Amino acid sequence: MSHPHPELGPPPKLPKGGLRVTPLGGLGEIGRNMTVFEFDGRLLIVDCGVLFPEEEQPGIDLILPDFTSIRDRLDDIEGIVLTHGHEDHIGAVPYLLREKPDIPLIGSKLTLALIEAKLQEHRIRPYTLEVKEGERENLGPFDCEFIAVNHSIPDALAVAIRTGAGLVVATGDFKMDQLPLDKRLTDLHAFARLSEEGIDLLLSDSTNAEVPGFVPPEREISNVLRTVFANAHNRIIVASFASHVHRIQQILDAAHEYGRRVAFVGRSMVRNMGIARDLGYLKVPAGLVVDVKTLDDLPAHEVVLVCTGSQGEPMAALSRMANRDHQIRIVPGDTVILASSLIPGNENAVYRVINGLTRWGANVVHKGNAKVHVSGHASAGELLYFYNICKPRNLMPVHGEWRHLRANAELGAMTGVPKDRIVIAEDGVVVDLIDGKARISGKVQAGYVYVDGLSVGDVTEASLKDRRILGDEGIVSVYVVVDSTTGKVVSGPNIQARGSGIEDSSFGPVIAKIEEAIARAAADGVAEPHQIQQLIRRTMGKWVSDSYRRRPMILPVVVEV
C-alpha cells in the first residue's frame with residue numbers, strides 16, 4: 001500500500017493521457033469533502049464541503065478546503081458534481097462560487113434545491129444541471145454517469161467518470177439499506193456493469209470501515225420512536241441534522257399516529273424541510289406541521305418540536321435550550337430525542353448538552369440508551385460485498401480519518417486488490433492514474449481555511465493559538481511610558497490582568513523587577529520600544545511562571561514621550 005510522505009514536493013506536469021486526482025479535503029478527517037480531477041488540461045470537482053470546528057478552534061464557524069491549488073485555474077473547471085446535499089459535501093460551494101459564480105453545479109433535484117437555497121443567502125444565482133441516476137453527461141473531457149446510492153439523505157448519487165486514462169468511480173457517501181424508506185436501493189446492478197467494463201480506480205467511502213457487519217435498515221428506528229412516543233406524557237423535542245429527511249419522516253409519522261402536532265425550530269431545519277416537502281421527498285399529513293408560535297395554545301402532550309443541535313453545536317437550538325438561553329424552556333417531564341450519530345470530536349459537547357437537559361428534568365433518549373440512529377455509511381460487511389462486485393484495479397479510500405482509511409484499505413486487500421495498487425493518501429496528496437496504475441506523484445497546499453463571521457481565511461493557526469491561550473490562561477497587560485531619549489521609565493508600569501486568576505494587587509513584586517530591567521537596558525543604551533516590550537514580556541512571563549505556574553498571554557505596551 002502506498003502512502004504519503006512528509007517530504008513530498010509539488011507534482012510534476014501531468015503526462016498526456018494521464019488522470020490526476022487531488023483530494024483537497026475529506027481524507028484524515030470527517031468532513032470538508034472535495035476532490036479535483038484533471039485530464040487533458042481541464043478540471044472536474046466532485047463535492048465541495050465544510051468541516052465543523054472542534055473545541056480547540058474557538059470562535060470558528062466553519063472550516064473550508066483550501067482553493068489555493070486551483071485558484072489560478074478556475075476557468076479550467078468544467079463543473080462541480082455534488083453527490084448529495086449534506087453540508088460536508090456542499091457547504092463550501094458558496095465560497096468557491098464567490099471567486100467564479102458561473103461554475104456549473106451538477107446534482108440531483110434535492111441536492112440542487114438545497115444548495116440553491118444556501119446560495120440565495122449568499123446572493124449568488126448558480127448555473128445548475130439537474131441529473132438523475134442512469135443518466136450520462138459529457139462535461140468537457142469527462143464523461144460522467146450517475147448511479148443511485150442509498151444514504152441518510154434522499155437523492156444521493158455516485159459518479160462514474162470516463163476519460164482517456166480509464167474509468168474512475170467515486171461512491172460519495174453510501175450504504176446498502178435493503179429496505180429503504182423511499183424504496184431507492186444502491187444500484188448494485190450498475191456497479192456490476194461498470195465492473196464488467198473495468199473500474200480502473202475506485203474512490204470509496206471509508207467512514208464505517210472499522211464497523212463489522214451490515215448497517216441496520218433505517219426503518220428499524222420506527223418501532224423505537226413509537227415506544228418513546230407512547231411513553232411520553234409531556235412535550236417531545238427531537239434533535240436531528242437539518243437534512244436528514246428520512247429520519248424526520250419517521251418522526252412525522254409517529255407524531256401523526258399519536259395525535260401530536262409538529263413544529264420545526266431553527267432556520268436551516270425550517271428551510272430544508274420546506275424544500276423536501278415542496279419537492280415531494282417529505283410526506284406531511286394535512287394539519288400536522290404548525291408554526292412554533294402556536295405551540296403555547298396546545299397542551300404539552302400534543303407537541304413535538306424538531307430542531308438542530310444533535311452535535312452539541314453551541315449556537316444550535318438544543319444547546320441553547322440546555323443552557324437556558326432559548327425561548328423554549330425545558331421543564332420536568334419533557335422527552336428529548338437525539339436522533340443522530342456522534343461525529344468524532346463532538347462527544348464532549350454532546351454529553352454536555354445531555355447533562356444540561358437532564359439537569360432541567362428532561363428524559364434524554366440518545367444512541368447510547370436506545371436505537372434512535374442508524375448510520376448512513378456502509379460497514380465492513382457491505383464494503384467487502386461492494387468490492388467483490390466492483391473488482392477495482394486500483395483503490396483509494398476516501399471520506400474518513402486515518403483509522404478509517406487504513407481499515408478500508410485492508411478490506412480492499414482482503415478482496416483481492418493488489419496492495420501496491422491501494423493508495424492511502426491525505427489532503428493535498430496528488431494521485432496520478434497513468435497506464436492503468438495509480439501512484440502518488442506529489443503534494444499541493446491543502447490546509448484549513450477558517451471562516452470566522454464574515455472573515456474567510458484571515459484567522460490563522462497562530463490566531464487560534466492566541467485564542468486558546470486567552471481562553472485557558474487569560475491575559476496580563478503591562479503599560480509603560482518611557483523617555484524616547486534616555487529610555488528611562490516616566491510612568492508605570494501599570495499592570496492589569498483578565499482571566500488569569502491573579503489579582504491586580506498581587507503584581508507589586510514584579511513591578512520593581514520590570515523597573516530594574518528597563519533601567520539596566522537604558523544604561524546599556526537600549527531605548528527601542530520593541531526591545532523594551534520583549535524585555536517586559538520575558539520579565540513578567542518568568543515571574544508569573546515562577547510564582548503561579550501559569551502562562552497567560554503577556555501584552556506589553558510601551559509609549560514613548
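The model is predicted, so local features need pLDDT of at least 70 and side-chain atom pairs count only at pLDDT 80 or more, while totals for chains, interfaces and linings use all residues. Residues are numbered from 1 along each chain as its sequence is written, and side-chain values use heavy atoms, with hydrogens and water left out. The protein chain has 561 residues, of which 55% count as buried. Buried means under 20% relative accessible area, exposed means over 50%, and partly exposed lies in between (1.4 Å probe, protein chains only).

**Overall build**

- The protein chain holds 14 helices and 25 strands. Helices (H or I, at least four residues) and strands (E, at least two) are DSSP runs, numbered from the N terminus.
- The C-alpha trace of the protein chain spans about 85 × 70 × 45 Å along its principal axes.
- Among contacts in the protein chain between residues at least 6 apart in sequence, 71% join residues at least 24 apart. Contact means heavy atoms within 4.5 Å.

**Nonpolar cores**

- A nonpolar core is a set of buried Ala, Val, Leu, Ile, Met, Phe, Trp, Tyr and Cys residues joined through side-chain atoms within 4.5 Å.
- The largest nonpolar core has 65 residues. Those with the most contacts inside this core are M34, I70, I80, L96, V304 and I337.
- Helix 3 (residues 109-121) gives the most to this core, with 7 residues.
- A second, separate core has 60 residues, including V21, I106, A156 and A425.
- I70, leaving aside its neighbours within four places in sequence, is in contact with M34, V36, L43, I45, I77 and L96.

**Cavities**

- Rolling a probe the size of a water molecule over the atoms shows where empty space is left.
- On a 1 Å grid over the protein atoms alone, a cavity is a set of points where a 1.4 Å probe fits but cannot get out. Lining residues have an atom within 4 Å of a point.
- Grid points are joined across faces, edges and corners, and a volume is the space filled by probe spheres set on the points.
- The count by this rule is 3 cavities of 30 Å³ or more.
- The largest cavity has a volume of about 100 Å³. It is lined by 15 residues, and the closest to its centre are T35, V46, D47, A170 and H399.
- Strand 2 (residues 34-39) gives the most to the lining of the largest cavity, with 3 residues.
- The lining of the largest cavity divides into 7 nonpolar, 7 polar and 1 charged. Ala, Val, Leu, Ile, Met, Phe, Trp, Tyr, Cys and Pro count as nonpolar, Asp, Glu, Lys and Arg as charged, and the others, Gly among them, as polar.
- The second largest cavity holds about 40 Å³ of space. Its lining is N150, H151, K175, D177, P180, L181, D182, E218 and H246.
- By class, the lining of the second largest cavity has 2 nonpolar, 3 polar and 4 charged residues.

**Second largest pocket**

- A pocket is an open set of points with protein on both sides within 12 Å along at least five of seven lines.
- About 290 Å³ of space lies in the second largest pocket. Of its 16 lining residues, L181, D182, H246, Q249 and D253 are the closest to the centre.
- Helix 5 (221-231) and helix 6 (245-257) are the elements that give two or more residues to this lining. Helix 6 gives the most, with 6 residues.
- The lining of the second largest pocket divides into 5 nonpolar, 4 polar and 7 charged residues.

**N394**

- N394 sits in the loop between helix 10 (380-390) and strand 18 (395-398). N394 is buried, with a relative accessible area of 0%.
- A polar atom of the N394 side chain lies 2.9 Å from the backbone oxygen of G436, and one lies 3.1 Å from the backbone nitrogen of A438.
- Leaving aside its neighbours within four places in sequence, N394 is in contact with residues including D200, L202, R421 and L433.

**Positive phi**

- Most residues other than glycine have a negative phi.
- R123 is not a glycine, yet has a positive phi of about 60 degrees. R123 is in the loop between helix 3 and strand 7 (128-130), and counts as exposed at 81% relative accessibility.
- K183 also has a positive phi, near 60 degrees. K183 lies in the loop between strand 11 (166-170) and helix 4 (188-197), and counts as exposed at 69% relative accessibility.

Key: A polar contact is a pair of N or O atoms within 3.5 Å; within protein, one must be able to donate a hydrogen and the other to accept it, and residues adjacent in sequence count only if both atoms are side-chain atoms.
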